[in-house]
Amino acid sequence: MTTAAGLAAALPFCAAILGLAVGRKSPVAARLLAVVPLAVAAALGFWVAVRHGSGGVTEDGVELTPTGALDIGLTMRVDGLSSLVAVMVATVATLVQVYSAAYLRKDPRYSSYAALVSLFSAAMLLVVYTGDLIVLLVGWEVMGVCSYFLIGHYWETEVARAASVKAFLVTKLGDVPFLIGILVIGAGSGSFRIGEIVDNVPSSGAGWVTAGTLLMLGGVAGKSAQVPLQTWLPDAMAGPTPVSALIHAATMVAAGAYVVARLYPVFLASETTLLVLAVIAAVTMAGSALAAFAQDDLKRVLAWSTVSQLAYMTGGLAVGGRDAAVFHLLTHGAFKALLFLAAGVVIHVAASGRISAMGGLRHRAPLVFWTMTAGLAALVGVPPLSGFFSKEAVLSAAEHTALDAGHGGPPAAAGWLVLVAALLTAGLTAAYATRVWLRVFFGAEHPVTAGSTRDEDKHTGRVPAAMTWPLVVLAVPTVLLGLIGLPNSWLTSWLGDADGRPYDTAAADAGRLVQNHAYYDLAPRLGTSLGAVALLALGAGAVYALWRRDPAADPARALGPLRGPAERGFDVDRLYDAVVVRPVRVLARLTRLVDDTVVDGYVRGAAQGTWLAGGGLRRSQNGNVQVYLAGLLAGFVVLAVAVAVNA
């Protein structure tokens, strides 16, 4: 089983190498190498999940570096969490490759693009399956490098180049403390192997636990675009639309939440870390939802929506609901991939990415209308679609922590923070999703424009089948996936305890760290369900009333003076420019000045002195014998005088 998991990660990696080698010579080979290995990897992932079932943890591997202390091993760890997430990653990545084959069919750099997507997918599968934190870090960093190249795919444009650099630098800013946190946890637990780490975590916590987990939150915030490192993700929309679907739904941004879930017993041992995570989640989900409501670019709306929905996952983790967070990770992977791929078709048809340039598209693209309607409804949390069940699970976990704290898990303050922010965000999500739905598909039909910044988005006409049938495939889990949380708590039994083992009441009572074990039922609760649906209806109804009054006007005008800052992401980039970028530039200029005037001054002075000394010596060595004899005589006289004086 672990061999199959390793093959699932290795196949897209080999496809990436072969794609770079032969893809440009044969476009057909490039497309086959893009789709077939990932499809096989998805099949292997599904086989591993079915074979594993809810059978605890299977771990196997080889030692890479026998250091004598903290060894590093290429270990595959298969449990309920990794098997489910791997199926989601490989499936979405396969559909993205199929979609990309049509979307970028005229792109001269398609072969390199497809190879990078395969490498990206291999890195994420490595992160999902590995049982060693150092190997996880390798996959983590490979994802960052791939995102740099994929976001900057249209490198001819300034916006794509700037977005790729920004994504790379911001995520690396979080990766520095993430690396240090891994080293702290490895040193504290005595191992980098995930199984040994979770077994060695003291139930009462320790200094290395809090320090390591707080440092790791830097990488989590960077990869999952959480406050204060959220600004790179909306700008990453400069890349091709399928890349956006891959990054947002299946791979990069989900990695932060996944790592917390993977090391959940370690995070549970520190109330301080959980409270900080709750604050980050609460601020991120509400602020990002407001930013999504103010955007005019369709992909930026979905980008800010992703930031907000990821905060639901981190919020669920902060309140002890690991199962709820993983549940939302899975459903979000389905409906957000659907929304991004549908947005690509909408941009294809409308020849513009601006919402203000769209309208009446339900008649021109009926299939996209129905599938995107399902995706938006799942995003909002309309019952009985998947998003309703997974978001309700997070709300219920937060309510339980807020009202029933003191069981040794997360603090009540974390529960209240997440609960209030998540309910507020539910209303805001309904508002911006309804605005997109009405403005894109209803109202007056706009003439075809060329408002897109990307040449590949400027073609209209019949949509290729390879761009539409992935929408139908993704619509199925978007509608039905939420039901896995209902029957006999199947999902919680599959995921097991916080360390991946089957839940054991006796072990929990004995003090072994578990998730919020007083709440394992993912089924909706009446109180939070009614509250969320009421706020959903309020947000959607308010936007519909504004649109109905004047369909030509943008409902985002309801934000008033807040719209400008919200559209700019609350000017966090300007804050970073003032606090970080400008001081760094001043320091760089000062460093250059010191280097030029002081360091280089010494170097130039030494060179000048040597040159002058050499010039003086050269004058005495001119080949004139008379000068040499005169010098010899002068020296003899000086020596004779010196001897006579001393005598």
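Good morning. After helix H19 comes Gly443, whose phi is positive, near 80 degrees. The model is a predicted one, in which local features need pLDDT of at least 70 and side-chain atom pairs count only at pLDDT 80 or more, while totals for chains, interfaces and linings use all residues. Residues are numbered from 1 along each chain as its sequence is written, and side-chain values use heavy atoms, with hydrogens and water left out.

Let me stay with H19. Helix here means a DSSP run of H or I with at least four residues, numbered from the N terminus. H19 covers residues 412-441, 30 residues in all, and spans 43 Å from its first C-alpha to its last, close to the 44 Å expected at 1.5 Å a residue (1.5 Å times one less than the number of residues). Of its 30 residues, 22 are buried, that is, under 20% relative accessible area with a 1.4 Å probe, protein chains only.

I turn to a helix pair. Helix H5 (residues 133-151) packs against helix H8 (residues 207-223) at an angle of about 30 degrees, their axes 12 Å apart; axes are lines fitted to C-alpha atoms over the stretch in contact, and angles run from 0 to 180 degrees between N-to-C directions. Trp140, Met143 and Gly144 of H5 meet Gly219, Val220 and Lys223 of H8, contact being heavy atoms within 4.5 Å.

Finally, Gly333 lies in helix H15 (residues 322-350). Gly333 counts as buried because its relative accessibility is 0%. Its C-alpha is 7.8 Å from that of His248, 85 residues away along the chain.

Terms used
Helix = DSSP H or I, 4+ residues; strand = E, 2+ residues; numbered from the N terminus. Buried < 20%, exposed > 50% of the residue type's maximum accessible area, 1.4 Å probe, protein only.
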